[in-house]
Amino acid sequence: MVPTLLFDIADIDQTRVQFDVPAIEKINPHRGNMRLLDGVVWASDDMTEAMAVKNVGDDEFWVPGHIPGRPIFPGVLMIEAAAQLASFLTLMRMPDVKFLGFAGVDDVKFRGQVVPGDRLLILGKQVEFRPRRCICEVQGLVKGTIVFEARITGMPM
(Lines give C-alpha, C1' and ligand atoms only; values in the text may rest on other atoms or scores of the structure.)
Protein backbone atom coordinates (compact mmCIF):
# COMPACT_ATOMS: atom_id res chain seq x y z
CA MET A 1 0.00 0.00 0.00
CA VAL A 2 1.41 3.38 -1.02
CA PRO A 3 1.53 5.76 1.95
CA THR A 4 -0.20 9.12 1.77
CA LEU A 5 1.26 12.36 3.08
CA LEU A 6 0.38 13.39 6.63
CA PHE A 7 -1.06 16.64 5.28
CA ASP A 8 -1.40 18.43 1.97
CA ILE A 9 1.80 20.25 1.05
CA ALA A 10 0.70 21.54 -2.35
CA ASP A 11 0.17 25.14 -1.17
CA ILE A 12 3.23 25.33 1.10
CA ASP A 13 6.01 27.60 -0.15
CA GLN A 14 8.98 25.29 0.40
CA THR A 15 11.47 28.09 -0.30
CA ARG A 16 10.26 30.27 2.57
CA VAL A 17 11.63 29.68 6.07
CA GLN A 18 9.15 30.42 8.84
CA PHE A 19 11.61 29.49 11.64
CA ASP A 20 15.34 29.75 10.89
CA VAL A 21 18.20 28.10 12.83
CA PRO A 22 18.37 30.79 15.56
CA ALA A 23 14.60 30.47 16.10
CA ILE A 24 14.85 26.67 16.27
CA GLU A 25 17.76 26.92 18.72
CA LYS A 26 15.64 29.10 21.02
CA ILE A 27 13.32 26.09 21.38
CA ASN A 28 15.46 22.96 20.85
CA PRO A 29 18.74 22.38 22.73
CA HIS A 30 20.54 20.59 19.85
CA ARG A 31 23.76 22.21 18.65
CA GLY A 32 26.71 21.53 16.37
CA ASN A 33 26.64 18.26 14.44
CA MET A 34 23.54 17.17 16.33
CA ARG A 35 21.33 20.05 15.22
CA LEU A 36 19.71 18.38 12.24
CA LEU A 37 17.08 20.94 11.24
CA ASP A 38 18.10 23.75 8.89
CA GLY A 39 14.73 25.45 9.07
CA VAL A 40 11.01 25.02 9.58
CA VAL A 41 9.45 26.09 6.30
CA TRP A 42 5.87 25.89 7.51
CA ALA A 43 3.92 25.36 10.73
CA SER A 44 0.18 25.37 11.29
CA ASP A 45 -1.21 28.17 13.45
CA ASP A 46 -1.94 25.73 16.29
CA MET A 47 1.56 24.17 16.02
CA THR A 48 0.21 20.65 15.51
CA GLU A 49 1.69 20.24 12.02
CA ALA A 50 4.92 21.42 10.48
CA MET A 51 7.38 20.88 7.66
CA ALA A 52 11.11 21.21 8.28
CA VAL A 53 14.12 20.95 6.01
CA LYS A 54 17.48 19.23 6.39
CA ASN A 55 19.96 20.05 3.64
CA VAL A 56 22.19 16.99 3.47
CA GLY A 57 25.76 18.14 2.86
CA ASP A 58 28.78 16.30 1.57
CA ASP A 59 30.89 17.62 4.46
CA GLU A 60 28.88 16.07 7.30
CA PHE A 61 30.59 13.96 9.97
CA TRP A 62 29.09 10.66 8.80
CA VAL A 63 29.95 10.97 5.08
CA PRO A 64 33.45 9.42 5.14
CA GLY A 65 32.33 6.32 7.01
CA HIS A 66 28.70 5.65 6.00
CA ILE A 67 29.38 4.19 3.39
CA PRO A 68 32.87 4.90 1.92
CA GLY A 69 32.50 5.67 -1.78
CA ARG A 70 28.70 5.71 -1.55
CA PRO A 71 27.58 7.85 1.38
CA ILE A 72 24.03 7.32 2.61
CA PHE A 73 22.43 9.48 5.33
CA PRO A 74 22.00 7.08 8.27
CA GLY A 75 18.43 6.10 9.09
CA VAL A 76 19.00 6.79 12.76
CA LEU A 77 19.84 10.41 11.85
CA MET A 78 16.67 10.66 9.76
CA ILE A 79 14.70 9.61 12.84
CA GLU A 80 16.68 12.04 15.02
CA ALA A 81 15.90 14.91 12.63
CA ALA A 82 12.22 13.98 12.76
CA ALA A 83 12.38 13.76 16.57
CA GLN A 84 13.81 17.27 16.61
CA LEU A 85 10.81 18.48 14.61
CA ALA A 86 8.49 16.67 17.04
CA SER A 87 10.35 18.35 19.91
CA PHE A 88 10.03 21.76 18.26
CA LEU A 89 6.27 21.35 17.77
CA THR A 90 5.72 20.15 21.32
CA LEU A 91 7.91 22.74 23.03
CA MET A 92 6.25 25.55 21.07
CA ARG A 93 3.00 24.43 22.73
CA MET A 94 4.62 23.96 26.17
CA PRO A 95 6.64 27.15 26.74
CA ASP A 96 7.44 26.26 30.37
CA VAL A 97 9.10 22.98 29.36
CA LYS A 98 12.75 23.23 28.27
CA PHE A 99 13.41 19.69 27.03
CA LEU A 100 11.42 16.91 25.38
CA GLY A 101 13.03 13.52 25.96
CA PHE A 102 12.96 10.93 23.19
CA ALA A 103 10.80 8.17 24.70
CA GLY A 104 10.16 5.88 21.75
CA VAL A 105 9.86 5.28 18.05
CA ASP A 106 7.40 2.89 16.43
CA ASP A 107 6.21 1.81 13.01
CA VAL A 108 9.45 2.85 11.30
CA LYS A 109 9.69 2.20 7.58
CA PHE A 110 12.56 3.24 5.35
CA ARG A 111 11.41 3.54 1.76
CA GLY A 112 14.36 5.21 0.04
CA GLN A 113 17.84 6.53 0.51
CA VAL A 114 19.01 10.05 1.28
CA VAL A 115 22.42 11.12 -0.03
CA PRO A 116 24.62 14.22 0.10
CA GLY A 117 23.06 16.97 -2.00
CA ASP A 118 19.51 15.94 -1.13
CA ARG A 119 17.03 18.30 0.47
CA LEU A 120 15.16 16.23 3.02
CA LEU A 121 11.72 17.59 3.88
CA ILE A 122 10.37 16.36 7.20
CA LEU A 123 6.66 16.42 7.89
CA GLY A 124 5.41 16.19 11.46
CA LYS A 125 1.87 15.89 12.74
CA GLN A 126 1.10 15.78 16.44
CA VAL A 127 -1.48 13.07 17.10
CA GLU A 128 -1.39 13.04 20.91
CA PHE A 129 -0.62 15.92 23.26
CA ARG A 130 -0.66 15.31 27.00
CA PRO A 131 1.28 16.85 29.88
CA ARG A 132 3.46 13.72 30.23
CA ARG A 133 3.51 12.33 26.68
CA CYS A 134 3.34 13.63 23.13
CA ILE A 135 3.20 11.56 19.96
CA CYS A 136 3.95 12.72 16.42
CA GLU A 137 3.59 10.96 13.11
CA VAL A 138 6.54 11.89 10.87
CA GLN A 139 7.59 11.42 7.27
CA GLY A 140 10.65 12.31 5.26
CA LEU A 141 10.49 13.26 1.58
CA VAL A 142 13.15 13.70 -1.08
CA LYS A 143 12.05 15.09 -4.45
CA GLY A 144 8.42 14.37 -3.58
CA THR A 145 9.00 10.72 -2.64
CA ILE A 146 8.49 9.42 0.90
CA VAL A 147 11.83 8.00 2.09
CA PHE A 148 10.85 7.21 5.69
CA GLU A 149 7.97 7.31 8.11
CA ALA A 150 7.63 6.70 11.86
CA ARG A 151 5.70 7.44 15.01
CA ILE A 152 7.75 9.27 17.64
CA THR A 153 6.92 9.54 21.33
CA GLY A 154 8.38 12.28 23.48
CA MET A 155 8.24 12.97 27.20
CA PRO A 156 8.44 16.52 28.56
CA MET A 157 11.20 16.74 31.16
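Is Glu-149 buried or exposed? I looked this residue up before anything else, in what is a predicted model. Glu-149 is buried, with a relative accessible area of 15%; the cut-off for that class is under 20%.

**Entry 1: Glu-149 and its partner**

I placed Glu-149 in strand β6, which covers residues 145-156. I then asked what its side chain meets, and found a salt bridge with the side chain of Arg-111 at 2.5 Å, N to O. Arg-111 lies in the loop between β3 and β4 while Glu-149 belongs to strand β6, so the pair ties together parts that are 38 residues apart in sequence. I also found the two side chains listed as a polar contact, at 2.5 Å. I checked the cover of the arginine as well: Arg-111 is partly exposed, with a relative accessible area of 38%, whereas Glu-149 is buried.

**Entry 2: the sheet**

I traced the strand order next. The sheet is open and has 6 strands, in the order β1-β2-β4-β5-β6-β3, with antiparallel pairing. Which strands stand at the edges? I find β1 (39-43) and β3 there; each has a single partner strand, so one side of each is left without a neighbour in the sheet. On average, neighbouring strands of this sheet are turned by 25 degrees against each other, direction ignored.

I noted two of the partners in β5: Gly-124 is bridged to Val-138, and Glu-128 to Ile-135.

On to β6, I found that β5 pairs with it in the antiparallel sense over 9 bridges.

How many residues of β5 are buried? I read 8 of the 9, so β5 is largely enclosed by the rest of the structure.

**Entry 3: other salt bridges**

I counted 10 salt bridges in the model. Glu-128 is buried, at a relative accessible area of 16%, and Arg-130 is partly exposed, at 46%. I also found Glu-25, Arg-31, Arg-35 and Asp-38 joined into one network by salt bridges that share partners. Within this group I looked up Asp-38 and Arg-35, whose closest N and O atoms are 3.4 Å apart in their salt bridge. Asp-38 is partly exposed, with a relative accessible area of 25%.

**Entry 4: backbone geometry**

I searched for residues other than glycine with a positive phi, and noted Met-47, with a phi near 55 degrees. Met-47 lies in the loop between β1 and β2. Is Met-47 buried or exposed? I find it buried, with a relative accessible area of 9%.

Lys-143 is likewise not a glycine and has a positive phi of about 50 degrees. I located Lys-143 in the turn of the hairpin that β5 and β6 form with 2 residues between them. At 77% relative accessibility, Lys-143 counts as exposed, since the cut-off for that class is over 50%.

I also looked for a cis peptide bond, and one joins His-66 and Ile-67, with omega at about 5 degrees. Ile-67 lies in the loop between β2 (49-55) and α2 (75-93).

**Entry 5: a nonpolar patch**

Which residues make the nonpolar surface patch? I list Phe-102, Val-105, Val-108 and Phe-110, with a patch area of about 340 Å². I took Val-108 as the member to examine, and found it in strand β3 (residues 100-110). Val-108 counts as partly exposed, at 35% relative accessibility. I note again that β3 is one of the edge strands, with a single partner strand.

Key
Residues are numbered from 1 along each chain as its sequence is written. This is a predicted model: local features need pLDDT of at least 70, side-chain atom pairs count only at pLDDT 80 or more; totals for chains, interfaces and linings use all residues. Side-chain values use heavy atoms; hydrogens and water are left out. Patches are made of residues with over 30% relative accessible area and no salt bridge: like charges are joined within 9 Å, nonpolar side chains (Val, Leu, Ile, Met, Phe, Trp, Tyr) within 5 Å. Accessible areas come from the Shrake-Rupley method with a 1.4 Å probe; for residues, only the protein chains shown count as cover. A salt bridge is a side-chain nitrogen of Lys or Arg within 4 Å of a carboxyl oxygen of Asp or Glu. Helices (H or I, at least four residues) and strands (E, at least two) are DSSP runs, numbered from the N terminus. Buried means under 20% relative accessible area, exposed over 50%, partly exposed in between (1.4 Å probe, protein chains only). Two strands pair if DSSP finds at least two bridges between them. Axes are lines fitted to C-alpha atoms, for helices over the stretch in contact, and angles run from 0 to 180 degrees between N-to-C directions. A polar contact is a pair of N or O atoms within 3.5 Å; within protein, one must be able to donate a hydrogen and the other to accept it, and residues adjacent in sequence count only if both atoms are side-chain atoms.
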